[in-house]
Amino acid sequence: MKSGCSIFVGNIDFEVPEERIIEELGAVGRVVSFRMVYDKTTGKSRGFGFCEYESPLIVEKALQNLKISFNGRPVKINYAENDMPAKTKEPDSQIPEIDNLINVLDGMDKDNLKEVLFYLRKLALDQPSYLRELLNKNSSLVYAIIHAILKLKLADPGVVDEILKESFDLNKQKAQILERICTISEDDLCFFSEDVRSKIKKVRSMVLKSRVDK
């Protein structure tokens, strides 16, 4: 199974056929595979299994939205042990590379893409810190989201390009930092240590001198 794409499915009624389980799990996205665990001695179902989806985004949708019950028995759905979210996993946990994510998104129809974006919007409103951490640790996901937005024609490509250029313009960010240093008042300088004050004054002097030379 691909990393980050599988879930644990437990408390399954022993009499339910796999086809029906897969059908229910497929309500949020295409099921790549489903493996029911059987007792080696009796050959009977042990009441749990593992489901693999096309992408981590569908896994998140499944955990958020699926409410499955068979014969009055509620099914338990959680991350598979090896696919726990980054905050409880080892630090090297990563969402698949950008090419893989884009291939998955390209294979989705417009309705599924809209559902993914709707889920991310809901996540931004309900759990902004978690989404921020997810995006910070997985830059490929950011570009995949942009790809989905452009594919659905929800934004003008030129506008998106300008936003990206501005967001990653290091020279502009550096200029903004220097500008802020130059606007620190003498009264505010007293809150810094002597060493820091000296460095701020030195940088400010260099910036002002460069402006005069121009």
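Biologist: Which helix holds I22?
Modeller: This is a predicted model, where local features need pLDDT of at least 70, side-chain atom pairs count only at pLDDT 80 or more, and totals for chains, interfaces and linings use all residues. Residues are numbered from 1 along each chain as its sequence is written, and side-chain values use heavy atoms, with hydrogens and water left out. Helices (H or I, at least four residues) and strands (E, at least two) are DSSP runs, numbered from the N terminus. On that scheme, I22 sits in helix α1.

Biologist: Is I22 buried, partly exposed or exposed?
Modeller: Buried means under 20% relative accessible area, exposed means over 50%, and partly exposed lies in between (1.4 Å probe, protein chains only). I22 has 32% relative accessibility, so I22 counts as partly exposed.

Biologist: With which residues is I22 in contact, leaving aside neighbours within four places in sequence?
Modeller: Contact means heavy atoms within 4.5 Å. With those neighbours within four places in sequence set aside, the partners of I22 are V31 and F34.

Biologist: How far apart are the C-alpha atoms of I22 and R35?
Modeller: Along the chain, I22 and R35 are 13 residues apart.

Biologist: Which residues touch the most other members of the largest nonpolar core?
Modeller: A nonpolar core is a set of buried Ala, Val, Leu, Ile, Met, Phe, Trp, Tyr and Cys residues joined through side-chain atoms within 4.5 Å. In soluble globular proteins, nonpolar side chains tend to be buried together. The largest core here has 34 residues, and those touching the most other members are L25, F34 and Y53.

Biologist: Which element gives this core its largest share?
Modeller: Several elements each supply at least two residues of the core, among them β1 (6-10), α1 (18-25), β2 (31-38) and α4 (110-126). The largest share is 6 residues, and it comes from α4.

Biologist: From which domains does this core draw at least three residues each?
Modeller: Domain bounds come from an automatic or database domain assignment. The core draws at least three residues from each of domain 1 (6-79) and domain 2 (98-168).

Biologist: At what angle do α4 and α5 pack?
Modeller: Axes are lines fitted to C-alpha atoms, for helices over the stretch in contact, and angles run from 0 to 180 degrees between N-to-C directions. The axes of α4 and α5 are 5 Å apart, and the helices pack at an angle of about 120°.

Biologist: What word describes how α4 and α5 lie to each other?
Modeller: Angles under 35 degrees count as roughly parallel, over 145 as roughly antiparallel, 65 to 115 as roughly perpendicular and the rest as oblique. The angle is about 120°. Therefore α4 and α5 are oblique.

Biologist: Where is N11, and what is its phi?
Modeller: N11 lies in the loop between β1 and α1. N11 is not a glycine, yet its phi is positive, at about 60°.

Biologist: Is N71 buried or exposed?
Modeller: N71 lies in the loop between β4 (69-70) and β5 (73-74). Its relative accessible area is 59%, so N71 is exposed.

Biologist: Is C182 buried or exposed?
Modeller: C182 lies in helix α8 (residues 170-182). Its relative accessible area is 16%, so C182 is buried.
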